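Welcome, and thank you for taking a look at this one with me.

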Amino acid sequence: MKCHIGLFSLLLAVGFAPRLLAQENVPPPAKAFATAPEIAYDSVPNFLKLPTGLYLGEGIGVARNSKGDVFVYTRSGEASRLFEFDPKGMFIREIGKGLLGFQMAHAVRVDPQDNIWVVDEGTDMVIKFTSDGRVAMTMGRRPEFGGGLRATPPPNTPPPAAEPYRFGRPTDVAWDAAGNIFISDGYTNSRVVKYDKDGRFIKAIGTKGNGPGQFNTPHSIQTDAKGIVYVADRGNRRIQVLSNDLEVKAVYDNVGTPWALCITPGPHQYLYSSNSNPDNNNSLFNAVSGEIYKMELDGTVLGKFGKAGKQLKEFTTVHAMDCRNENDLLTAEITGWRVQRLTLHPQTQTSSRASR
């Protein structure tokens, strides 16, 4: 890998890198990369402690509740599994083992009432658990067919007509202060859907495309204290900001390819966005991805940290983040088969408005 990156640097010096990147479908670095200040940070070695004989598969979703307990939704050899750990990373229990709605994990989130929500891309379902692990609500429906996960439609394939209560490989879930539910839906439907707290359809926005209000794999979704909606429009390398009524307010295209979004609680909220390196073993991507950005909600970049790699304090495709505490983050890594706990040490920060 070092040889490959060294070759990339040599090609860059002689002017061949842009042509090579285009041939390999490698995107350019994030617009904010060169000017964003570095944020110092540390990672806790071996944060999660699993019982003997139990192993973590792909790190897909991670979230904490108000007590600091950690929930990890993972893809393993037994479909998908949901684990709970205490704040120190000690294993507590498994939730929903063998549930029909578990096939291919995509996200876990915890709402303000400490209910646990999982989004399963394979079953096209969003499932709400109470804090004690009982199923409280299901949204969507598992397809009635065999053969596993449906393939992503080929390019230029007309998408199926979206239905209010059926999903097409959904990716994430969020809520506003009134309890309204927002779902990014996802690999097939390319839309964002709003429901009331009881799961009644209100509104949807989005078709496949790159225009305002269109999406190319809406991959992560968050809301702020005002109910504004932030969508990681991964395939279009941008974050789309929507009003609570799903009208486009702004677009942030300065932080690379957003795989995972997270918004902190509290009176001053921050937005974290992961410019993840994709799961394709092409080391050319390592030179243009891997970092995580800390931003104001208006898109101003405050700093960045991390790089692509497999060692401690490096990131292999960050698929989800928890930022319940501003400087105490959790990252779930799909190709690293792990969750890292990060402690940030930010200095006096200077914004990077010029890179917006």
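## Notes for a first look

1. Let us start with the overall picture. Of the 356 residues in the protein, 54% are buried. Please keep in mind that this is a predicted model. The chain is built with 24 strands and 2 helices.

2. Next, the nonpolar interior. In soluble globular proteins, nonpolar side chains tend to be buried together. Here the largest nonpolar core holds 17 residues, and the members that touch the most others are Tyr230, Ile239, Tyr252, Leu271, Tyr293, Met295 and Val301. Two or more residues of this core come from each of strand 15 (229-233), strand 16 (238-242), strand 18 (258-263) and strand 20 (292-296). Another core, of 16 residues, lies apart from it and includes Ile60, Val108, Val110 and Val118.

3. Leaving aside residues up to four places away in sequence, Leu271 touches Tyr230, Ile239, Tyr252, Leu261, Cys262, Ile263, Tyr293, Lys294, Met295, Glu296 and Leu297. Among these partners, Tyr230, Ile239, Tyr252, Tyr293 and Met295 are also listed with Leu271 as core members that touch the most others.

4. Now for the disulfide. The count comes to 1 disulfide, formed by Cys262 and Cys323 with their sulfur atoms 2.2 Å apart. Cys262 lies in strand 18 and Cys323 in strand 22, so the bond ties together parts that are 61 residues apart in sequence. The torsion about the S-S bond is about -105°, so this disulfide is left-handed. Are the two cysteines buried or exposed? Cys262 has a relative accessibility of 4% and counts as buried, and Cys323, with a relative accessible area of 1%, is buried as well.

5. Then there is the open space. Rolling a probe the size of a water molecule over the atoms shows where empty space is left. The largest pocket has a volume of about 620 Å³. Its lining is made of 25 residues, with Val110, Pro112, Thr223, Ile263 and Pro265 the closest to the centre. Strand 2 (58-64), strand 6 (105-110), strand 10 (170-175), strand 14 (218-223), strand 18 and strand 22 (318-325) each give two or more residues to this lining. Strand 22 provides the largest share, 4 residues. Sorted by class, the pocket lining has 13 nonpolar, 7 charged and 5 polar residues.

6. Of the 17 residues that line the largest cavity, Ala107, Arg109, Asp172, His319 and Ala320 lie nearest its centre. At least two lining residues come from each of strand 2, strand 6, strand 10, strand 14, strand 18 and strand 22, and strand 6 gives the most, with 4 residues. By class, the lining of the largest cavity divides into 9 nonpolar, 6 polar and 2 charged residues.

Conventions:
Residues numbered from 1 in each chain as written. Predicted model: local features only at pLDDT ≥ 70, side-chain atom pairs only at ≥ 80, totals over all residues. Heavy atoms only, no water. Core = buried A, V, L, I, M, F, W, Y, C linked by side-chain atoms within 4.5 Å. Buried < 20%, exposed > 50% of the residue type's maximum accessible area, 1.4 Å probe, protein only. Contact = heavy atoms within 4.5 Å. 1 Å grid on protein atoms, 1.4 Å probe; cavity = no way out; pocket = protein on both sides within 12 Å on 5 of 7 lines; lining within 4 Å. Points joined across faces, edges and corners; volume = space filled by probe spheres on them. Nonpolar A, V, L, I, M, F, W, Y, C, P; charged D, E, K, R; others polar. Disulfide = S-S within 2.5 Å.
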